[in-house]
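Biologist: I have not looked at this structure before. Could you walk me through it, one question at a time?

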Amino acid sequence: MAPRQPSGWELEKLRALLAAQFDEAVADAFLSLPLQVETRRGKIRYVYVNGRRIMTLRPSDFHFTLSLEAGEVVRSASRPPRYRVVATRIPRPSVMGLDVIDADPDIRPGDEVLIVTAEDRLIGVGKARLPGHLMRLLPHQEAVRVREVAGGAKAEGGAGPEGP
């Protein structure tokens, strides 16, 4: 099914899911965009902006996975350290505890997180593998499984910009 404008009910559902996963400010930031949705079996599965998929709804836990574009919306709508893992380099394919400078202590394993520089520049998005308060304390553990890094490369692809 092709992307289409969401109905009023679908917008309410998007708002509720985004507010539950993030907060009201992030939900409002997303809903201010010209969103389109694609459904599967009558349920929202993909969210698009200007023809580009920015989020996928995981049916297992009703959380969104984020693209870099969606990560930038979350970053601009929230204040540090919310949802952020500050890393020393551009991650590939994981952020290890050794690379973590700081992390939101409220991050839980499985949460979608933003990987940022110390200057709060978005360099990637991914899924937390450790609680935020333990990321720096476990240097040889995978802190974040990276989904996408700045520069358009997928983390698993191996090609793309290297860290500073």
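Modeller: Keep in mind that this is a predicted model. Let us begin with a pairing: strand β5 spans residues 84-87 and runs parallel to β8, joined over three bridges.

Biologist: Which residue of β8 is the bridge partner of Val-86?

Modeller: β5 and β8 pair in the parallel sense. Within that pairing, Val-86 has its bridge partner in β8. That partner is Val-116.

Biologist: What phi does Asp-120 have in the turn between β8 and β9?

Modeller: The two strands form a hairpin, with five residues between them. Asp-120 sits in that turn. Its phi is positive, at about 65°.

Biologist: Why is β8 described as largely enclosed by the rest of the structure?

Modeller: In a regular strand, side chains alternate between the two faces of the sheet. On one side of β8, Glu-112, Leu-114 and Val-116 are buried; on the other, Val-113 and Ile-115 are buried. Buried here means under 20% relative accessible area. β8 is largely enclosed because its buried residues number five of five.

Biologist: Is Leu-18 buried or exposed?

Modeller: Leu-18 lies in helix α1, residues 8-21. Beyond residues up to four places away in sequence, Leu-18 touches Asp-23, Ala-27, Phe-30, Met-55 and Phe-64. Its relative accessibility is 0%, so Leu-18 counts as buried.

Biologist: How many Å apart in space are Leu-18 and Asp-28?

Modeller: In sequence, Leu-18 and Asp-28 are ten residues apart. In space, C-alpha to C-alpha, the separation is 8.8 Å.

Biologist: Now the whole chain. How many helices and strands does the chain have?

Modeller: From the N terminus, the elements run α-α-β-β-β-β-α-β-β-β-β-β-β. That order holds three helices and ten strands.

Biologist: What is the radius of gyration of the chain?

Modeller: For 164 residues the globule rule gives 15 Å. The chain comes close to that, so it is as compact as a globular protein of that length. Its radius of gyration is 16 Å.

Biologist: Which percentage of the residues in the chain is buried?

Modeller: The accessible surface of the chain comes to about 8400 Å², with 54% of it belonging to carbon and sulfur atoms. Of the 164 residues, the buried ones make up 48%.

Definitions and conventions: Residues are numbered from 1 along each chain as its sequence is written. This is a predicted model: local features need pLDDT of at least 70, side-chain atom pairs count only at pLDDT 80 or more; totals for chains, interfaces and linings use all residues. Side-chain values use heavy atoms; hydrogens and water are left out. Helices (H or I, at least four residues) and strands (E, at least two) are DSSP runs, numbered from the N terminus. The radius of gyration is taken over C-alpha atoms; the globule rule is 2.2 Å times the number of residues to the power 0.38. Buried means under 20% relative accessible area, exposed over 50%, partly exposed in between (1.4 Å probe, protein chains only). Accessible areas come from the Shrake-Rupley method with a 1.4 Å probe; for residues, only the protein chains shown count as cover. Two strands pair if DSSP finds at least two bridges between them. Contact means heavy atoms within 4.5 Å.
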